[in-house]
Amino acid sequence: MDAFSYLSVLISIIIGLAVTQILQGFRGLLQSRARSRIYWPSLTWAVLLLIICVQTWWAMFGLRSHEGWTFLGFAVVVLQTIVLYMLAGLVLPDFPAETAVDLRENYFAHHDWFFGIAGLSVLVSLAKDLVLTGALPNQTNVAFHLFFMAIALLGAFLKNEWFHKSAAVIMVAAFGLYIATLFEHLH
């Protein structure tokens, strides 16, 4: 077994847990739909996070040719997946039995942490490239990262509902463009 095959097991498990966390949120919403108040930006971010988890797993395949794994290199890759898991844990609430859930209230109760961790995920993504290759990714990739960071910082500090609704739509479009531009094919 090569090093990447061995190391990718833990990465896949953590990403799988993040996906499970989001899907459990959707399941909880379905089960409590009669007593839940829907807020579409929460649902948009949850769907986007599912896509981000899949894209992260897809992009990690590119690490199969990395040689000379160090503990620091592996730690930063694992940290990237841990941060995704934490985002997945915040995007939708738990749905306790027989309790009403307001997704808007939950969204704004956690927006500072959610977007703060989202900003951290951007930094960890860039750090991963620095640690593994000694350089930042190409300029297009860095430009997307900077855009994602700007949205995350604004989202963490602003409580303006118009901004948060706009940011959800803009990020879906931007992340779709990111995937189409940089990750359409498996490398």
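The model I used is predicted. I looked up the largest cavity and found about 60 Å³ of space in it. My search of the whole structure gave one cavity of 30 Å³ or more.

I listed the residues that line the largest cavity: S42, W45, L90, V91, Y107, H110, H111, F114 and F115. The elements that give two or more residues to this lining are α2 (40-60), α3 (71-91) and α4 (103-133). I noted that α4 has the largest share, with five residues. Sorted by class, the lining has six nonpolar residues, three polar ones and no charged ones.

I describe a pair of aromatic rings by the distance of the centres and the angle of the planes. I counted 13 aromatic pairs. One of them is Y39 with F108, a tilted pair with 6.0 Å centre to centre and 55 degrees between the planes. I placed Y39 in the loop between β1 (36-37) and α2, and F108 in helix α4, 69 residues apart, so this pair links distant parts of the chain. Y39 is buried at a relative accessible area of 5%, and F108 is buried at 7%.

Why did I write down F147 and F148 as edge-to-face? Their planes stand at 65 degrees, and over 60 counts as edge-to-face; their ring centres are 6.3 Å apart. F147 is partly exposed, with a relative accessible area of 33%, whereas F148 is buried, with 9%.

I found Y39, W45, Y107, F108, F114 and F115 in one aromatic cluster.

Conventions. Residues are numbered from 1 along each chain as its sequence is written. This is a predicted model: local features need pLDDT of at least 70, side-chain atom pairs count only at pLDDT 80 or more; totals for chains, interfaces and linings use all residues. Side-chain values use heavy atoms; hydrogens and water are left out. On a 1 Å grid over the protein atoms alone, a cavity is a set of points where a 1.4 Å probe fits but cannot get out, and a pocket is an open set with protein on both sides within 12 Å along at least five of seven lines; lining residues have an atom within 4 Å of a point. Grid points are joined across faces, edges and corners, and a volume is the space filled by probe spheres set on the points. Helices (H or I, at least four residues) and strands (E, at least two) are DSSP runs, numbered from the N terminus. Ala, Val, Leu, Ile, Met, Phe, Trp, Tyr, Cys and Pro count as nonpolar, Asp, Glu, Lys and Arg as charged, and the others, Gly among them, as polar. Rings of Phe, Tyr and Trp (its six-membered ring) pair if their centres lie within 6.5 Å; planes under 30 degrees apart count as stacked, over 60 as edge-to-face and the rest as tilted. Buried means under 20% relative accessible area, exposed over 50%, partly exposed in between (1.4 Å probe, protein chains only).
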